[in-house]
Amino acid sequence: MYRAFRILWLLLLLTPARFAQAQDEQAPAPAPAPTPVPAPTPVPDTLEQKSTITGAEMLDQGREYRREMGAIAIQIQVQADQAKAEKDVIRLNCLLDKLTQVRVNSNIMDQAVQALQDDVSRNDESGELHEYTRITIINQKAQVLRTEADACVGAETTYVGRTKLVVESPAGLDATVDQPAPAAPPITIIDRPLVASPFQ
Amino acid sequence: MRLRPLVFAFCTATAASPAAWAQLTSSGPSVSLESMSAGAGRSLSTKGIASGLKLGDEAILHAGVFADIGYDSNVFYGSTSQQTSAVLHITPRLELTNAERDGSVPGGAYYDLSAALDRRQYLSSNDAITKQDAWNPTIGGTAEFSSGQTLSLSLTDTFSRFQQAPYVDSVQAEPITTDDNMASASLHFAPGGGRLRVMLRYTNLINKYNGAYDSGSFMGNEGVLDVGWRWLPRTTLYAQVAQGAITYFNANAPNAPPGSYPLRTLLGLRGLLTEKLAVNIAAGYSNAFYTRGENPSGLGNVGVLAEVNYTMSLLSRAGLGYHHDFVNSPFVGSYYNMDAIYGAFQQMVASRVVTYLFGRFENRRFGKVPGEDQSRVDNFVMGGVAIDYMIGKFFQAGASYSLNLNRTATASTVVVNGTPTTSELNYTKHVLLFRLGLMY
């Protein structure tokens, strides 16, 4: 009895292990181990770039960008005034939209330049770089707006001349069907004079 | 295989023919249905023919010659003794225009000058008949300035000489010869894209009879104001006022017919009702205002015009009309009230054959002549059929038949030398002609 109990205990112990082994044999081969991802390129240390331009240079460059933005705003304003004088509403609306965006970005750049100036005063190199990046992005956006303003099209592209009404007639019909008949001799002119008396 | 030549010949014969198309369309825009019903639809026009001699950057010279030979059943329009004869017409024609070869008119200045000469030769040994041989010239021109623009001007002038046989079969009888000249100037104003159209036209007409009929020679002047409102793209409501003045050259002669100042007003609608159906319906007040004698009265003061044109297809069209009006009459009763029913039909077959059918019936109620017991009433019929076949680009062969008929319903009786006689006019005239033509 004790011996039988030992055999049963061994069976119970080994059978699951066998089933597990069989299932392992039927299961698909495990996926290959993923290729080791190359280690990300280490982000260059921005502080290394800082070495190419100083805070004072950043500030000068930012002020230069700000002047360019002012020039862009003036240029678009001139174009808008011209469109207004020509009563070209389509082009005027387009230019005013670009002008508004330029002015909004000018205000943002003013704030960024002011912040850059503060960072330069505090010698906060990371702050300098952050504000300078903002200024650069705003400058690029202003350049895009200038290009878009130059591309603003007006009525001249859709204006093809004075409106002319052309009415087509169905094929085969006279185009002057609703106009007065042209001058023509009366029917009687080709008629014979009648005999007024037997002796005429 | 044996059918191939026939098939080829058929295809060649039925190929699109610009000449046939021109023949069908040349009488379209410039000729009214009423003129079409009187036979004007088979004009000898060379307009729109895709040939012609280029004389410059714009000018094109068209030339043509037509020969008609046939039979005249009643040369002298007799009621009892009718003289018949073979007849030959030779008609050369020249036309100079700056229209395109397809007939389209340039937008700026446009002109069209034409001249034709009809030589009528009776092939008979009867001297009374051969005396009716005639040269009948026609010279005309049209000029348009700023055609299709807001303001445009058009000028036309047409002179024609027409000699007809008299009513008497005699060598001594003089032919009835008329010299006619009609000139007109039209000013068209179409503001607002043509929504409103105003036409002001002056027309001068000289109708000069030679010989015994000279008493009926007259000059007519007429001014027409036509105001149309384009209600739909091709449908116009219009009002028209025409004031004329008819003056006889021999007004001071005894028994000369009276002059008149005819006034005609019309209010109506013209244009398309559907894509294929066009109408011209109008009515109004009219009066002749003769300087003496009788004037139209009652229904004679009402002018009615009702025309229906139906375009069945690109190659066929038909029109039917009714016209109630008064007409100046130089020889009997100063004027006559007219009720006319008329129609025309044109059909092109296989792009080369053009058929043309026209007809007109008139009931003429003449004004009463002082001293006569009753007014004269005539029924007049004219009609005909023509068929033309275009051979290639330049040649034409055709045939035509025309009928002229007059029946006097009532006429006063006059006692001459103790014999009662009437001025009835009853004749029937058939003319059958075969044509060969060359156009370039």
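In the predicted model, the hairpin formed by strands E15(B) and E16(B) has three residues between the strands, and B:Ala350 takes a positive phi near 55° there. Strands, like helices, are DSSP runs numbered from the N terminus, with at least two residues required for a strand (E) and at least four for a helix (H or I). E15(B) and strand E16 (residues 353–366) of chain B pair in the antiparallel sense over 14 bridges, pairing being assigned if DSSP finds at least two bridges between two strands; within this pair, B:Val349 stands opposite B:Val353 in E16(B).

Strand E14 (residues 316–328) of chain B also pairs with E15(B) in the antiparallel sense, over 13 bridges, and B:Tyr322 stands opposite B:Ile341 in E15(B). The hairpin of E14(B) and E15(B) has six residues between the strands, with B:Gly333 taking a positive phi near 65°.

Residues are numbered from 1 along each chain as its sequence is written, and chains are lettered from A and ligands numbered from 1 in the order in which they are written. Local features need pLDDT of at least 70 and side-chain atom pairs count only at pLDDT 80 or more, whereas totals for chains, interfaces and linings use all residues; side-chain values use heavy atoms, with hydrogens and water left out.
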